[in-house]
Amino acid sequence: MYKWFAGKRILKGVVIYAIIIFLLSCLFNTVNEKTMRSQIEEQVRMEQTRLKNTQPEALQKFAQERRASLIRQYKLDRPMLERILFRTADILTFNFGKSTTIKSSDGERDVIKIVGECIPRSLILFTVAAAIEIFLGIFLGLKQAQKPGGKLDRTTSLMTMIVYGMPTWWLAMIIIMLFVYTVPLFPSGGVHSVPTPTGIMFVVDMLWHTVLPLFTLVILGFWGTAFVTRNIVLGTLQEDYIMAARARGIPENKVLYGHTLRTAAPPLITMALLGLLGSIGGAIVFEGIFSWPGLGNLYWVAVQTNDIPVLLADLAITTGLYQLGLILLDLIYGFLDPRIKVGGKA
Amino acid sequence: MKIKDVSRALKEFWMEFRKSTSGLIGLAILAISLLIVIFEPVILPWHDTNDKWRSIDYWIDNPSLAKPAWTNLFAKEKSPSTKHITSPKIESVDADGGMKIVRYVFPYDYEFDKAPLDLIFRASITGSVPITISVERPDGTSIELASHYEEGLTGQGIRMAMSNEAKDSTFDFLKGYETEEAAGSLNSDSVPAPSVIFGTAAAGMSSKFTALKGKYQLVATAMLLDPASSKIENPTFIVSGSVSGVLGTDDMKRDIFSGLLAGLKWALIIGIVTSAISVLVGVIYGITSAYYGGIVDTIMQFIYQIVSSMPLLPVLIVIGAIFKPSIWFVIMVMVVFFWTGPVMTVRSMAFQIKEETYIEAARALGANNRRIIWRHMLPILIPYSFANMALSVPSAIVYESTVSLLGLGDATIVTWGQILHDAMAGGAVLNGVWWWIIPPGLLIAILGMSFAFLGFAMDKILNPKLQTR
C-alpha cells in the first residue's frame, strides 16, 4: 500500500511542478524572449566578425539567414502558446540555455552548471541548520509541554513571539557587524578563505566559515519548532493512554520520549520540515548577506547583473527543491502514520 | 447578525483578551503606531521626507553619517549637534545714496569639544543684494568669512557653505596666530574652516583643535542697493554638527529618524492590507470548497495545492527584478500567495458547520447557496480568522522589506527595507554604522512582535483547543 501511496504522491508532485513551471513561463515569457533575441543578435554578430574578407552584401545576407535559422531553432516564430509550451518543456528538461554575464567557477556560461554548483552549498548549510534546529526545538518543546504555564514555558513562548517577525537577514547583519568588524572572530562571508588551505585545514576552515551563518539560522529557527512541538505534545499529553501509562508507574522520561513523542511524531516532522521549507525563502537574502555562494546568493548576483536566464533557472530549481521537500514531507508522514499505509483516512 | 449581538460578542472577547498581558502589549504598540501615523505631519522632523527622500538638495545641509545626537551623553568629548538658527536680531542702518545696510545677527552658544563639520548660510533673495558673512568670537576677534553677490535675483535661495567659501579668509586668520614655520607648510585646504572659526586662536592651532567655548555671533550683513525692490527672506544659519537628529544620518545625509517615521505607515499598510484581503479570500475559498463539495472541492483543492507549493519569496524577487513593480503590485502578488494560509482549517470547520441543522433549516426555507454561505457560514468562521490575520501581518512586512533589501522596492516611497538596502549598499555593516542598521530592523521586529502578541492572544481565545486543561 505504501508503494501506491508513494507513487501517487510523487506523480502528483511532478504534475504540480509542471503546472507551476508553465504558469511561470507564461508570466515571464516576454522578458525571456527578449533576452533570447538579444542573445541571437550577439551570436550572429560574433559569427559575422569571424567571416573576414567577405563582401558587405554577402555578409548582410549571411546575417539574415543565420538570424532566421536561429529564430527557427529557438522556435521564436511559432504562435505564443506553442512558444510557452516549448519554454516549459525546456525548463522541465533542465535545458536553461546560456547566461548573459554570470560565469561558473570554471568560466562556463551554461546556466545549468552555474546553478548546479550552487545547490550542494545551499543544501549543506540548510540541512545542518535544520537538523540542529529540530533537535533543539523538540527538546525544548517537550520540556515546555511538561509544565505548561510554567516559567520555562512562558519565557520560551514569549521569545517565540518576539522573534516571530524578526527578519533573519537583519539579525545576520547585526551579527556580522558584531563578530566580524567590532570583535573580529569570524570571517565575514564565503565558504573558504583565499587561498584555500588543503588537508585537514580545509575542513577546519570551512567549519570556521560556517559558524556564523549556522548560528544565526539556528538561533532564530528553533523557537518556532519548540512552540509547535509544545502545542502538539500538549495535545497528546492529555490523551487517556498517557494518564494510564503514568498510572502504571512508567518513568516520566519514558512516557515523554517513548509514548508521547511516537504519537506526536508525524505532525511534528511535518511542521518542522514545513518550517525548513519556509526558510528557503529567507535563505535567499540570508545567503546574500553572508556571501555564502548558494542558490540564494545567486539571486543577488543575478538581480544585480540583470542576468535573466540565470534568474529564471534559479527560480525553477528553487521551486523544484521546494516541491521535492513537500513530496518528501508527505512520504515521511505516510511512513510514520500507519493509517496512511493501510489506506485509511488520516 | 445584529449590532447588539456583535457588541456583546466583542464585549465577551474583550473580557477574555484583557487577561493576556502580551496581547495588551501588542494592542498598545499597535495603537501607538496608529497614533504616530495619524500625527505624522506634526512629528516628522523633516516635513517633506515623504516626497523628497531621494532628493539630494533637500538633505544637503545635514552632515553625512552623523551619529545620533544623544550619543553625546556617553561621549567624553561633546560634539555639536546640527542646529538651524533662525530669527536673528535685525539692525538696519540707512546709508548714503538711498542704500540700506541690514545686519542679521544670529547668536550661537558653542559649548562643545569638537568642531562642527560646516557652517552654512541660507536665504531667499529678491533684487541685487551683496551679502557678507562674518563671525564675532567670544575672545573678541572677528573674522570676515565670505561674501556673495548675484544680480537680479527673484526670490531664489542662496546657500553659502563656509567649509568651502571661507577657506581663504580663515587661513589668513590662522596665519596671524600660527608660527611661521607651521604656516609655511600649510595651505588653505589643510585646516577645515569650521575648526578655525570655532577654535582657540594660538600657535599650534593648525595641528590640534582646542574648542573656544562661549557665545558667538554669526553676522550676515546685507547691502540693499535699492531698498524698495529688494528683500531678504528666511535668513538661516545652519551649524552642521557631527551628531544629528534622533537617530543620526546616513551617507546621503538623510535624517534616519524621519525616514523611519515615514516608513511606518507603509509597513502598516503593507501588513494589514495584505493580510486582511488574503485571509478574507482564503476564508471564502475554504467555505465555498467545503460547502459545494464533490468535484468543485476537488478542483479547488488542486488549485490550492498548486499555489501553496510555490515558494513566495523567489517568485516575488524575480517579479520584482523583471517588472519593477509598484508597492500595490507587490501587495497584490503577496495576496495571491497569502490566501492559502487559512484555507485548510476553514474548510474542515465548514465541513462540520454545513451539516448543522440550522443550515438544513435555512435550505428548507428556500435560502439559496450564496445566502447560506454569506449569511450563515461566513459570520461564524470570520472571527476564527482574525488570529490568522494578525499572524500573517509580520510575514507580509518581512517579505516586502526583503524585496526592498535587494533594491527592488518601489522607488516612490520610503520603507524600512529600503533604508536597510541603502545601509547594505553604503557599507554600514563594514563600517559599524549601527544607527543605520539596528533601528529599521528593530522596528520591523517590534511591529511583527506586536502582531504576534495580538495573534497568539486571539488564537488562545478563539481556538479553545490550545488552552491548557
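# Notebook: helices, sheets and a chain contact

I started with helix 2 (residues 21–38) and helix 18 of chain B, whose axes come within 7 Å and cross at roughly 135 degrees. That makes helix 2 of chain B oblique to helix 18 of chain B. I noted how the words are set: angles under 35 degrees count as roughly parallel, over 145 as roughly antiparallel, 65 to 115 as roughly perpendicular, and the rest as oblique. Axes are lines fitted to C-alpha atoms, for helices over the stretch in contact, and angles run from 0 to 180 degrees between N-to-C directions. Helices (H or I, at least four residues) and strands (E, at least two) are DSSP runs, numbered from the N terminus.

Before going on, I wrote down that this is a predicted model, where local features need pLDDT of at least 70, side-chain atom pairs count only at pLDDT 80 or more, and totals for chains, interfaces and linings use all residues. Residues are numbered from 1 along each chain as its sequence is written, while chains are lettered from A and ligands numbered from 1 in the order in which they are written.

**Helix 2 on helix 18, chain B**

I checked the hand of this crossing, and it is left-handed. A crossing is left-handed if the near helix is turned anticlockwise from the far one by less than a right angle, and right-handed if clockwise. Next I listed who meets whom. From helix 2 of chain B come B:Ser22, B:Gly23, B:Ile25, B:Gly26, B:Leu27, B:Ile29, B:Leu30 and B:Ser33. They meet B:Ile446, B:Leu447, B:Ser450, B:Phe451, B:Phe453, B:Leu454 and B:Ala457 in helix 18 of chain B. Two residues are in contact if their C-beta atoms, placed from the backbone, lie within 7 Å. I sorted the residues of this contact by class: 10 are nonpolar, five polar and none charged. Ala, Val, Leu, Ile, Met, Phe, Trp, Tyr, Cys and Pro count as nonpolar, Asp, Glu, Lys and Arg as charged, and the others, Gly among them, as polar.

**Helix 9 on helix 18, chain B**

At what angle do helix 9 and helix 18 of chain B pack? I found about 30 degrees, with the axes of helix 9 (residues 256–292) and helix 18 (residues 434–462) 11 Å apart. The two helices are therefore roughly parallel to each other. Helix 9 of chain B passes helix 18 of chain B in a right-handed crossing. Helix 9 of chain B brings B:Ile256, B:Leu260, B:Ala267 and B:Gly271 to the contact. Helix 18 of chain B brings B:Trp435, B:Trp436, B:Pro439, B:Pro440, B:Leu443, B:Leu447 and B:Phe451. I counted classes here too: 10 nonpolar, one polar and no charged residues.

**Where chain B touches chain A**

I then looked between the chains. 42 residues of chain B are in contact with 40 residues of chain A. Which helix of chain B gives the most to this side? Helix 18 of chain B does, with 13 residues. By class, the side of chain B that touches chain A has 32 nonpolar, nine polar and one charged residues.

**Two domains**

I looked up how chain B is divided. Domain 1 covers 3–47 + 256–462, and domain 2 covers 79–240. These bounds come from an automatic or database domain assignment. The centres of the two domains of chain B, taken over C-alpha atoms, are 54 Å apart.

**The sheets of chain B**

I traced an open sheet of four strands in the order 1-9-4-7, with antiparallel pairing. Two strands pair if DSSP finds at least two bridges between them. Strand 1 (83–85) and strand 7 (153–161) of chain B are the edges, and each pairs on one side only. Inside this sheet, eight bridges join strand 4 (residues 118–127) to strand 9 (residues 231–240) of chain B. I found B:Ser124 opposite B:Glu233 in strand 9 of chain B.

I traced another open sheet, of five strands in the order 2-3-8-5-6, again antiparallel. Its edge strands are strand 2 (89–94) and strand 6 of chain B. Neighbouring strands of this sheet are turned by 20 degrees against each other on average, direction ignored. Strand 2 and strand 3 (residues 100–110) of chain B pair over six bridges. B:Asp94 stands opposite B:Lys100 in strand 3 of chain B.

Last, I checked strand 5 (residues 131–136) and strand 6 (residues 142–148) of chain B, which pair in the antiparallel sense over six bridges. Their hairpin has five residues between the strands, and B:Gly140 takes a positive phi near 95 degrees there.
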